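Please look over the sequence and the model first, then read the points below.

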Amino acid sequence: MKWVKTEVSPYLLFLPLCYGVFIAADDMTLVVTILPDMMQSLKIPVNDITRASWLIISFLIGYSATMPIMGRLADRWGYRATFLLALSVFMVGSVGVALIPLVSTSLDAIPFLDQYRWAIVARVVQSIGAGAVIPISLAAAETLVGARRRIVAFGMVGAAAEAGSVFGPVFAGAIADWIGWEYTFWSNIPLSLIAIVALAKLPKGIRHDTSVDWIGAAAFTAALTMLTVGLFRISDPDLPMIMLFVAAAALTGVVAISNRLADEKAVPRSLGRLKDFIWSNVTHFLVGSALMIGLVSVPLLAGTIYGLSALDSGLLLVRMTVALGVAAFAGGFIATRFGVRIPTIAGLVIAAIGFNFISTWDIVLEEPRSSIDLILVGIGLGLIIAPIAESALRRVPEEDKGVASGLLTLSRNIGMTAGLAVVASLGTEQFLLTAPGLEEMIERPEAANEAGMAVFANFFTYASTACIIGVIPAWLMTRNYEQDAGGSEPTDSAV
């Protein structure tokens with residue numbers, strides 16, 4: 001804190017990082033509302049959900065795979081330099097995605113590269129930059145605002161990320177309807193440049209003498225990709241699916257061996273001995289699964305069953321994301337006053353109830369019921385963001401906070417990836433099983449929509465179940481946390 005002038009609010013210093021989180025986060029959710037337009041540009045048939053979902057999955061894989069290594073780089077280079085690098089990579093990827101409509105013919109001469117593969121590669125590059133910003137911000141929180149106020153800073157990061165989730169779908173829907181979907185990605189350039197200018201004025205942060213396990217990082221990326229591809233085949237299990245899971249397990253073993261042999265552990269052994277950290281990651285995984293189901297299913301339901309435009313689909317989703325952002329900020333203050341267990345357990349239960357209500361929606365969209373149900377989900381998922389971060393990071397040594405923050409965010413993103421992969425696989429299978437025949441569709445045109453509603457109802461039931469299961473690790477992650485009414489630092493109690 002020696003570089004910080006006393007007259008400058010620590011929270012004001014933290015705002016540029018939150019702004020960077022906001023920019024990166026909106027690109028995770030904006031695709032869900034412009035996916036039909038992107039599918040049209042890429043000539044993906046409307047019934048090929050698996051190929052279309054890779055426009056989201058590829059971002060999540062790159063986003064997740066980047067977390068541990070960028071967390072360690074933040075420890076080595078300092079948060080500012082790593083954050084600036086991340087935003088630069090994010091801009092390059094954004095330009096690549098924005099160029100998709102212009103490269104359809106120019107790629108014909110390049111072997112094994114077409115418009116669709118270009119889109120996937122560009123999304124991965126974009127995600128590598130976006131994946132660094134949250135763990136770096138969490139790691140920098142204590143440096144900029146101090147240990148006593150770090151829970152509020154965690155809430156600020158969560159609120160910024162969810163505000164990006166709020167802004168993304170609505171902004172993308174409006175731009176797609178008025179100008180063209182590619183301009184949502186062009187807009188990342190001026191937005192990122194503003195963040196770079198603001199960040200350049202912040203302290204460099206503390207640099208630690210650590211090394212980076214590149215072999216482990218490559219093996220982890222391959223393992224995550226194999227696992228995701230395997231999950232896409234879960235609706236029709238076969239030998240290739242089993243082989244993909246075996247390969248993912250073997251590569252995970254490589255990650256463990258590489259980490260054990262490395263001079264500087266990519267995952268410090270001390271983290272494995274922190275039960276609060278472990279259970280926080282399990283909770284985050286389940287929360288990520290539920291969140292992604294909501295982020296993807298609500299706009300798809302709006303666009304397919306209810307026939308809403310991209311903008312209107314985004315406006316429907318915004319009920320959930322606005323509530324999530326507000327609750328994320330409030331969750332930090334609630335945890336500071338009452339401890340982490342109350343907002344964590346309450347949030348999971350509220351989200352489970354909201355998802356359960358959504359699973360019973362009718363074939364005709366009803367207001368204000370739909371808004372109330374989506375707000376419940378948003379409040380529930382938002383309340384738990386800061387408490388999970390506090391439970392996971394409160395006992396992590398200062399020099400390991402970057403990598404620990406990366407792992408914490410990674411657990412949620414792996415959950416998001418797994419949730420989307422399973423939904424894409426099971427959704428297609430379930431629709432084929434429930435789809436009406438031609439004769440029934442002639443007699444009852446609404447039969448196809450009823451079959452689709454049944455599939456979406458199952459999705460939301462999966463999300464509700466994930467939240468309920470999450471109560472168990474959430475209870476375990478908070479059992480050692482004590483905080484007095486005066487807001488003093490947490491202490492460990494006997495288990």
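Residues are numbered from 1 along each chain as its sequence is written, and side-chain values use heavy atoms, with hydrogens and water left out. The chain has 18 helices and zero strands; helices (H or I, at least four residues) and strands (E, at least two) are DSSP runs, numbered from the N terminus.

**Confidence**

- The mean pLDDT of the chain is 76, and 75% of the residues score at least 70; pLDDT is the predictor's confidence in each residue, from 0 to 100.
- Confidence is highest in helix H13 (residues 341–358), at a mean of 93, and lowest in helix H17 (residues 438–443), at 44.
- Over residues 435–443 pLDDT stays under 50, and the model has seven contacts beyond four places in sequence for them; a contact means heavy atoms within 4.5 Å.
- Residues 484–495 also have pLDDT under 50 throughout, with 26 contacts beyond four places in sequence in the model.
- Where pLDDT is low, the predicted coordinates should not be read in detail.

**The chain as a whole**

- Of the 495 residues, 57% count as buried; buried means under 20% relative accessible area, exposed over 50%, and partly exposed in between (1.4 Å probe, protein chains only).
- Among contacts between residues at least 6 apart in sequence, 84% join residues at least 24 apart.
- The accessible surface comes to about 19,800 Å², and 68% of this belongs to carbon and sulfur atoms; the areas come from the Shrake-Rupley method with a 1.4 Å probe, and for residues only the protein chains shown count as cover.

**Salt bridges**

- The structure holds three salt bridges, each being a side-chain nitrogen of Lys or Arg within 4 Å of a carboxyl oxygen of Asp or Glu.
- Arg395 and Asp276 form one of them, with 3.8 Å between the closest N and O atoms. Arg395 lies in the loop between helix H15 (385–393) and H16, and Asp276 in helix H11 (residues 275–304), so the pair ties together parts that are 119 residues apart in sequence.
- Asp276 is buried at 1% relative accessibility, whereas Arg395 is partly exposed at 34%.
- Glu367 is paired with Arg319, the closest N and O atoms being 3.0 Å apart.
- Glu367 has a relative accessible area of 42% and is partly exposed; Arg319, at 27%, is partly exposed.
- Asp373 and Arg369 meet in a salt bridge at 3.4 Å, N to O. The two are four residues apart in helix H14, so about one helical turn separates them.
- Asp373 is buried, with a relative accessible area of 4%, while Arg369 is partly exposed at 30% relative accessibility.

- Ile375 is in helix H14 and is partly exposed at 34% relative accessibility.
- Not counting residues up to four places away in sequence, Ile375 touches Arg319 and Ala323.
- Between the C-alpha atoms of Ile375 and Leu324 there are 7.8 Å, although 51 residues separate the two in sequence.
- Ser411 belongs to helix H16 (residues 401–434) and is buried, because its relative accessibility is 9%.
- Beyond its neighbours within four places in sequence, Ser411 is in contact with Asn281, His284 and Phe285.
- The side chains of Ser411 and Asn281 are joined by a polar contact of 3.2 Å; a polar contact is a pair of N or O atoms within 3.5 Å, where, within protein, one must be able to donate a hydrogen and the other to accept it, and residues adjacent in sequence count only if both atoms are side-chain atoms.
- Ala424 is found in helix H16 and is buried, with a relative accessible area of 5%.
- The C-alpha atoms of Ala424 and Phe459 are 10.0 Å apart, with the residues 35 apart along the chain.

Methods
Predicted model: local features only at pLDDT ≥ 70, side-chain atom pairs only at ≥ 80, totals over all residues.
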